[in-house]
Amino acid sequence: MLKYDPLQLPSEEELPCSDDTPVDNELQNLIPNLLGAILAFIWQDRRNWFFAVDMGIYHTTGTNPRIPIVPDGFLSLGVERLKGDKLRLSYIVWKENNVVPVWVLEIVSHTYGGEYDNKATQYAQLGVLYYAIYNPEYSQRDRHDLLEVYRLVDGAYVRQPREPVWMPEIGLGIGREQGTYWGITREWLYWYDQDGRKYPSPEEARQQEAQRRQIAEQRAEQLAAQLRALGIEPDEA
């Protein structure tokens with residue numbers, strides 16, 4: 001691994017925020033954006049995490065610290081939610097106390113991007129603990145499962161069994177399920193709790209709350225009708 005003088009490393013302002021490579025389809029943005037939206041809700045009281053979509057990660061484990069690796073999504077723990085009360089332009093490992101992302105996501109598209117080989121090697125060198133590859137359209141072409149999650153063990157990635165895959169170091173599981181996001185009902189990636197319960201999308205959470213209110217109103221109306229049948233006005237009960 002090459003060593004770099006920290007005094008000679010570029011600043012955030014000198015580095016582009018991504019590699020400017022366009023995504024092949026909407027899913028490469030929608031899926032990680034959904035995961036980020038769920039995290040923003042369930043971790044709204046936490047300030048020690050950062051989630052990004054299509055953002056460059058600059059590091060010193062490659063051939064050139066000015067060349068980023070750009071996952072479709074990634075999560076870091078133990079860093080400030082905001083960098084000095086500002087939004088990040090990119091994720092620069094040497095500016096984050098050398099905290100590398102704990103989890104990265106790659107979504108395989110029509111143009112194969114080396115998700116199962118080259119990128120896996122890069123993420124392993126970087127030290128990313130969990131590497132998730134979602135292949136919703138081309139899994140048969142690539143002879144892989146729809147979702148594969150790998151954990152770094154002794155410098156190499158080991159496929160994790162079952163789904164959703166529980167990741168104790170993160171306190172979340174990751175898996176697939178039918179759901180609705182942006183008005184689109186299809187299979188999405190979701191976070192899960194330790195008991196395998198899915199954390200809903202913002203739309204689903206609103207729908208669930210509306211259903212709970214409707215059920216509560218119906219029960220109140222039924223109770224009122226029962227009281228009236230007994231000759232008791234509800235406001236007198």
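**A conversation about the fold**

Colleague: How many helices and strands are there in the protein chain?

Modeller: The protein chain has four helices and eleven strands. Please keep in mind that this is a predicted model.

Colleague: What share of the residues is buried?

Modeller: Of the 237 residues in the protein chain, 43% are buried.

Colleague: And of the contacts between residues at least 6 apart in sequence, what share joins residues at least 24 apart?

Modeller: That share is 58% in the protein chain.

Colleague: Let us turn to the sheets. What is the strand order in the open sheet of six strands?

Modeller: The order is S1-S3-S5-S6-S7-S8, and the pairing is mixed. At the edges are strand S1 (49-53) and strand S8 (156-159), each of which pairs on one side only. From one strand to the next, the twist averages 20 degrees.

Colleague: How many bridges join S6 and S7?

Modeller: Strand S6 (residues 130-134) and strand S7 (residues 147-153) are paired over five bridges, in the antiparallel sense. Tyr131 has Tyr150 in S7 opposite it.

Colleague: What about the open sheet of three strands: which order does it have?

Modeller: Its order is S9-S10-S11, with antiparallel pairing. Strand S9 (165-167) and strand S11 (184-192) are the edge strands, each pairing on one side only. The twist in this sheet averages 35 degrees from one strand to the next.

Colleague: Over how many bridges do S10 and S11 pair?

Modeller: Strand S10 (residues 172-181) pairs with S11 over nine bridges, in the antiparallel sense. Tyr181 has Ile184 in S11 as its bridge partner.

Colleague: Which strands of that sheet does H1 touch?

Modeller: Helix H1 (residues 27-42) packs on the sheet and touches S10 and S11. The direction of H1 makes about 50 degrees with that of S11.

Colleague: Which strands of the other sheet does H1 lie across?

Modeller: H1 lies across S1, S3, strand S5 (103-107) and S6, and runs at about 160 degrees to S1.

Colleague: How far does H1 reach from its first C-alpha to its last?

Modeller: With 16 residues, H1 reaches 22 Å, close to the 22 Å expected at 1.5 Å a residue.

Colleague: Which residues in H1 are buried?

Modeller: Among them are Leu27, Leu30, Ile31, Leu34, Leu35, Ile38 and Leu39. Gln28, Pro32 and Gly36 in H1 are buried as well. As background, an α-helix has 3.6 residues a turn, so residues three or four places apart point the same way.

Colleague: What is Ile174 in contact with, leaving aside its neighbours within four places in sequence?

Modeller: Its contacts include Leu35, Trp103, Leu147, Val149, Val165, Met167 and Trp191. Glu163, Pro164, Leu189, Tyr190 and Tyr192 are also in contact with Ile174.

Colleague: One last topic: where is His59 found?

Modeller: His59 is in the loop between strand S2 (57-58) and strand S3 (73-77).

Colleague: Why does His59 count as buried?

Modeller: His59 counts as buried because its relative accessibility is 10%, and buried means under 20%.

Colleague: What surrounds the residue, then?

Modeller: The side chains of His59 and Thr61 are joined by a polar contact of 2.7 Å. Leaving aside neighbours within four places in sequence, His59 is in contact with Pro65, Ile67, Ile69, Val93, Trp94 and Leu126.

Conventions: Residues are numbered from 1 along each chain as its sequence is written. This is a predicted model: local features need pLDDT of at least 70, side-chain atom pairs count only at pLDDT 80 or more; totals for chains, interfaces and linings use all residues. Side-chain values use heavy atoms; hydrogens and water are left out. Two strands pair if DSSP finds at least two bridges between them. Helices (H or I, at least four residues) and strands (E, at least two) are DSSP runs, numbered from the N terminus. Axes are lines fitted to C-alpha atoms, for helices over the stretch in contact, and angles run from 0 to 180 degrees between N-to-C directions. Contact means heavy atoms within 4.5 Å. Buried means under 20% relative accessible area, exposed over 50%, partly exposed in between (1.4 Å probe, protein chains only). A polar contact is a pair of N or O atoms within 3.5 Å; within protein, one must be able to donate a hydrogen and the other to accept it, and residues adjacent in sequence count only if both atoms are side-chain atoms. The expected span of a helix is 1.5 Å times one less than its number of residues.
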